[in-house]
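Me: I have a model open and want to go through its packing. Can we take it point by point?

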Amino acid sequence: MAERFAANARIHDGAGVIDMSGELDGGAGEQLQEAYAQAAAGAERILLNFAGVSYMNSTGIALVVELLARARSERRPVHAFGLSEHYRQIFEITRLVDFVTIHSDEASAVA
Amino acid sequence: MTVFSQALRRVVRRGDRAAARPLPDESAVTLAPAPAVEIADHDPLIAFLQSASGPVDLDELKLDSAAVRELRVAGVKLVVPLISSGELIGTLNLGPRLSEQEYSSDDRRLLESLAGQAAPALRVAQLVREQEAEARERQRMEQELAVAQLIQQHFLPVEIPQPAGWSIEAFYRPARAVGGDFYDVLERPDGTIAFTVGDVTDKGVPAAMVMAATRSLLRAAGEELGDPGAVLARVNDLLHGDIPSRMFVTCLYGVLDPRTGSLRFANAGHNLPFVRSDDGAAELTATGMPLGLMAGMAYDETEARLHQGEVLLLHSDGIAEAHAPDREMFGIPRLSEVVAQPREGRGGVIARVLAELERFTGPGWEQEDDITLLALRWGGDAAQADGEAAAAPEVLAEFQVPSEAGNEREVMRRVAEAAGPAGLAGERLEKLKTAVAETAMNAIEHGNHNDPVLPVRVRVARQAHDLLVEISDLGGDRPIPIRETPDIEAKLRGEQEARGWGLFLIQSLVDAMQVDTDQGRRTVQLVMHLEDENDG
């Protein structure tokens with residue numbers, strides 16, 4: 001029933017894009033970290049693509065925080081796009097927006 | 001005493017008759033253990049050894065003792081008592097010396113010192129074994145408990161029908177040992193409501209299985225026959241001979257026509273139901289033998305009529321037979337008084353009964369038996385009749401899910417299904433969904449510790465201009481710790497754990513949140529105002 005979480009890394013114009021899909025919760029940690037490692041190996045900037053994420057909960061947010069902490073220690077800027085209005089609000093409530101630059105789509109995120 | 005005789009069964013004997021052969025080569029000597037000799041608890045040898053001051057020569061012992069005779073037959077010459085903390089915990093039994101000489105005083109001193117050291121070690125080994133056996137027994141009991149709970153939970157209704165103008169509410173809380181309570185409420189094709197509360201004698205898996213069978217038989221008979229008396233008679237005949245002797249089922253079965261308030265019920269030895277009206281509380285009488293005891297019983301039907309604002313309350317033994325710390329019993333008269341009380345504050349008759357029970361039993365009460373309450377109340381305006389201005393909440397959905405990781409999505413989905421038609425939409429519906437998923441996740445993980453036999457119960461209701469979502473677990477009376485606002489910077493610096501967002505999110509997303517704990521059940525209520533939607 002639950003949509004499996006998947007995270008894949010690709011390079012777009014010198015940025016490491018992590019395309020996520022499915023349900024982002026506590027079980028997504030390993031895949032997210034792997035995708036991050038791949039993206040970080042080929043680029044400096046990290047772009048998180050939330051367009052395919054159908055559900056996110058607090059344990060998923062904790063994983064994003066972990067990823068941000070890792071990027072911060074490596075001095076990598078992190079951007080995000082594809083967030084629904086609801087999850088954008090949640091990013092605001094949790095003040096994640098202070099540490100991730102949010103864009104409406106991939107084109108503006110890459111620019 | 002068992003420990004004692006077990007220890008004595010472990011008889012150690014050095015050498016046997018073969019040792020008498022004149023063979024100096026020790027390696028060729030067979031050192032087989034002697035046959036175990038059991039010493040009865042009451043044998044005089046035990047009292048003798050308990051007070052003996054060292055190794056005892058069996059040949060010189062003049063005791064009328066079966067054990068002494070047996071030991072002699074087994075070839076034992078010397079018995080060295082093993083005493084630990086003044087208690088005889090075993091003996092060291094020796095055959096004749098290999099050299100065929102008598103045991104010397106040096107030998108005896110050596111044996112006595114050996115026994116002095118061996119005894120505490122043996123005692124420790126015995127204690128370890130006992131503890132292991134106890135741990136295995138505990139584990140077995142816990143497994144049985146889990147199975148019983150699983151069966152019982154499975155056979156309780158997930159949703160309770162709510163006929164127009166009525167509020168039907170059930171409360172069920174198993175005791176730790178899990179008795180055999182059950183209840184059921186079904187809407188029949190003709191629009192009437194069949195309801196039952198029952199109690200299987202005995203506890204654990206056997207009771208749970210009989211409960212499951214009874215509930216299914218009641219459903220089947222109810223569908224076919226309809227008349228309460230006939231239903232009980234049929235189920236009684238089917239159960240009789242099929243359930244273990246000394247086990248039986250008390251049960252009250254009734255049919256209500258919600259359009260007229262007319263009520264017919266029959267009783268198989270169960271507690272009588274109460275009706276609360278303006279005149280107070282009264283028991284409705286109906287008698288009959290419990291199910292499964294004797295075949296061919298007939299059950300009289302009682303007819304009654306409920307009026308607007310009146311409540312019918314069914315209950316199981318767990319309430320009336322609960323004890324206060326001073327062993328006073330709650331009792332039917334006290335229950336009757338509570339039922340008769342005018343309504344005060346929030347909650348219906350079930351909440352009042354539970355509150356009074358909690359007050360009576362005091363804190364830290366270990367629930368003795370399953371508790372089941374079923375209340376059928378006519379009229380949303382009953383609340384006004386009771387002197388409360390606000391309308392009673394209209395229940396939009398009621399269900400439960402097992403406490404398994406991931407089921408918070410199921411809760412979220414079903415709450416959204418109910419909340420949508422109530423007028424919550426768009427971003428506010430999304431907010432509620434996330435808050436519901438987080439609350440359900442807390443209930444599953446922290447309240448019920450991911451134990452799938454424990455249900456997370458959910459109720460969605462509309463009250464005036466509020467949508468209420470209640471999510472409850474069996475997390476006990478521990479309040480949910482209200483965490484301080486998570487500090488993202490501290491989290492990013494690794495000074496605060498990455499998790500810990502749940503409660504903060506819930507509070508941020510809903511219009512109001514409150515936590516109630518009531519006797520082991522913890523309920524988080526989320527409130528979303530519906531006016532915003534109407535305005536927009």
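Me: Which residues of helix H3 (residues 66-73) of chain B are buried, and on which side do they lie?
Reply: This is a predicted model. The buried residues of H3(B) are Ala67(B), Val68(B) and Leu71(B). They span an arc of only 100 degrees around the axis, so they lie on the same side of H3(B).

Me: What do the buried residues of H3(B) pack against?
Reply: Ala67(B), Val68(B) and Leu71(B) are the buried ones. Their partners in chain B are helix H2 (44-51), strand S2 (78-84) and strand S3 (87-94).

Me: Which helix supplies the largest share of the side of chain A that touches chain B?
Reply: In the contact, 21 residues of chain A meet 18 residues of chain B. Helix H2 (58-73) and helix H3 (85-93) of chain A each supply at least two residues of that side. The largest share, nine residues, is from H2(A).

Me: How does that side of chain A divide by class?
Reply: The side of chain A in question is the one that touches chain B. Its residues are eleven nonpolar, five polar and five charged.

Me: Is the crossing of H8(B) and H9(B) left-handed or right-handed?
Reply: The axes of helix H8 (residues 331-340) and helix H9 (residues 349-361) of chain B come within 9 Å. They cross at roughly 135 degrees, which makes H8(B) oblique to H9(B). The crossing is right-handed.

Definitions and conventions. Residues numbered from 1 in each chain as written. Chains lettered and ligands numbered in written order. Predicted model: local features only at pLDDT ≥ 70, side-chain atom pairs only at ≥ 80, totals over all residues. Buried ≥ 20, exposed ≤ 12 C-beta atoms within 10 Å, placed from the backbone. Helix = DSSP H or I, 4+ residues; strand = E, 2+ residues; numbered from the N terminus. Arc of directions from axis to C-beta. Contact = placed C-beta atoms within 7 Å. Nonpolar A, V, L, I, M, F, W, Y, C, P; charged D, E, K, R; others polar. Axes fitted to C-alpha atoms, helices over the stretch in contact; angles between N-to-C directions. Parallel < 35°, antiparallel > 145°, perpendicular 65-115°, else oblique. Left-handed = near helix turned anticlockwise from the far one by under 90°.
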